[in-house]
Amino acid sequence: MKWTKDLSTGIEKIDEQHRELFEKINDLVAAVRQGVCKYKISDVIRFLEEYVVFHFGEEEKYMQQFGYPGYQVHKAYHEKFIENFNELKKELPKLEGGKKPGSYDLSVMTNQVVVDWILDHIAKVDKRLGEFLKGKV
Ligand SMILES: [Fe+2]
Ligand SMILES: [Fe+2]
């Protein structure tokens with residue numbers, strides 16, 4: 001997945017974090033595709049998870065600071081992502097069982113839970129926040 005200019009929120013700090021997020025997500029996608037022995041999926045997951053929490057926190061700080069009217073809704077999206085991400089995490093110990101590393105199921109799930117969600121969230125929800133923050137930060 002590639003960060004492109006049309007994903008820009010217009011807020012440099014947020015865009016920078018999104019680009020960083022993309023790199024981490026690409027690491028995860030590669031890890032899932034290539035298999036747990038080679039890349040240690042759980043390490044990548046932990047890393048991505050920490051960064052996601054940090055990034056959501058930064059956006060929420062901005063929203064609170066400037067009294068963003070869509071704060072509750074936006075925050076609820078973030079919480080939903082973390083919930084879904086935790087579901088994905090639960091699939092990982094099953095790697096040795098049914099779902100093999102590099103399996104179709106896990107790849108599809110990662111793509112839906114992480115890749116599709118982030119792209120959609122940035123393009124719609126974060127961009128709306130960017131519009132609001134323009135000229136304020
Ligand atoms: Fe974001
Ligand atoms: Fe967001």
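The model is predicted, so local features need pLDDT of at least 70 and side-chain atom pairs count only at pLDDT 80 or more, while totals for chains, interfaces and linings use all residues. Residues are numbered from 1 along each chain as its sequence is written, chains are lettered from A and ligands numbered from 1 in the order in which they are written, and side-chain values use heavy atoms, with hydrogens and water left out.

## Overall fold

The protein chain has five helices and zero strands, where helices (H or I, at least four residues) and strands (E, at least two) are DSSP runs numbered from the N terminus. The order of elements is accordingly α-α-α-α-α from the N terminus on. Of the 137 residues, 41% count as buried; buried means under 20% relative accessible area, exposed over 50%, and partly exposed in between, with a 1.4 Å probe and protein chains only. The chain exposes about 7,800 Å², of which carbon and sulfur atoms supply 53%; accessible areas come from the Shrake-Rupley method with a 1.4 Å probe, and for residues only the protein chains shown count as cover. Among contacts (heavy atoms within 4.5 Å) with a separation of 6 or more, 72% are accounted for by residues 24 or more positions apart.

Donors are N, O and S atoms within 2.8 Å of the metal (3.2 Å for Na, K and Ca), and sites may look incomplete because water is not among the atoms. The table sets out the two ions.

| Ion | Donors | Donor distances | Spacing along the chain |
|---|---|---|---|
| iron ion (ligand 1) | H18 (NE2), H55 (NE2), E59 (OE), D126 (OD) | 2.0 to 2.2 Å | H-x36-H-x3-E-x66-D |
| iron ion (ligand 2) | E59 (OE), H74 (NE2), H78 (NE2), H121 (NE2), D126 (OD) | 2.1 to 2.2 Å | E-x14-H-x3-H-x42-H-x4-D |

The two iron ions, ligand 1 and ligand 2, lie 3.6 Å apart, and E59 coordinates both.

The four donor atoms of the iron ion (ligand 1) make angles of 82 to 170°, and the site is irregular. Four donors count as tetrahedral if all angles lie between 85 and 135 degrees; four count as square planar and six as octahedral if opposite donors are over 155 degrees apart and all others between 65 and 115; anything else is irregular.

H55 is buried at a relative accessible area of 1%, and E59 is buried at 0%.

The axes of α3 and helix α4 (residues 71-91) come within 10 Å and cross at roughly 175°. Here axes are lines fitted to C-alpha atoms, for helices over the stretch in contact, and angles run from 0 to 180 degrees between N-to-C directions. The two helices are therefore roughly antiparallel; angles under 35 degrees count as roughly parallel, over 145 as roughly antiparallel, 65 to 115 as roughly perpendicular and the rest as oblique. The residues that make the contact include V52, F56, E59 and M63 of α3 and H74, H78, F81 and F85 of α4.

## Individual residues

H74 lies in helix α4 and is buried, with 1% relative accessibility. Not counting residues up to four places away in sequence, H74 touches E59, M63, Y68, H121, V125, D126 and L129.

H78 is also found in helix α4 and is likewise buried, at 1% relative accessibility. Beyond its neighbours within four places in sequence, H78 contacts F56, E59, E60, M63, W117, H121 and D126. From H78 to H121 the C-alpha distance is 9.1 Å, and the two are 43 residues apart in sequence.

E131, in helix α5, is exposed, with a relative accessible area of 55%. Its C-alpha atom is 7.4 Å from that of G10, 121 residues away along the chain.

V137 sits in the segment after α5 and is partly exposed, at 48% relative accessible area. Leaving aside residues up to four places away in sequence, V137 touches I11, Y62 and F66. The C-alpha atoms of V137 and I11 are separated by 7.7 Å, although the two are 126 residues apart along the chain.
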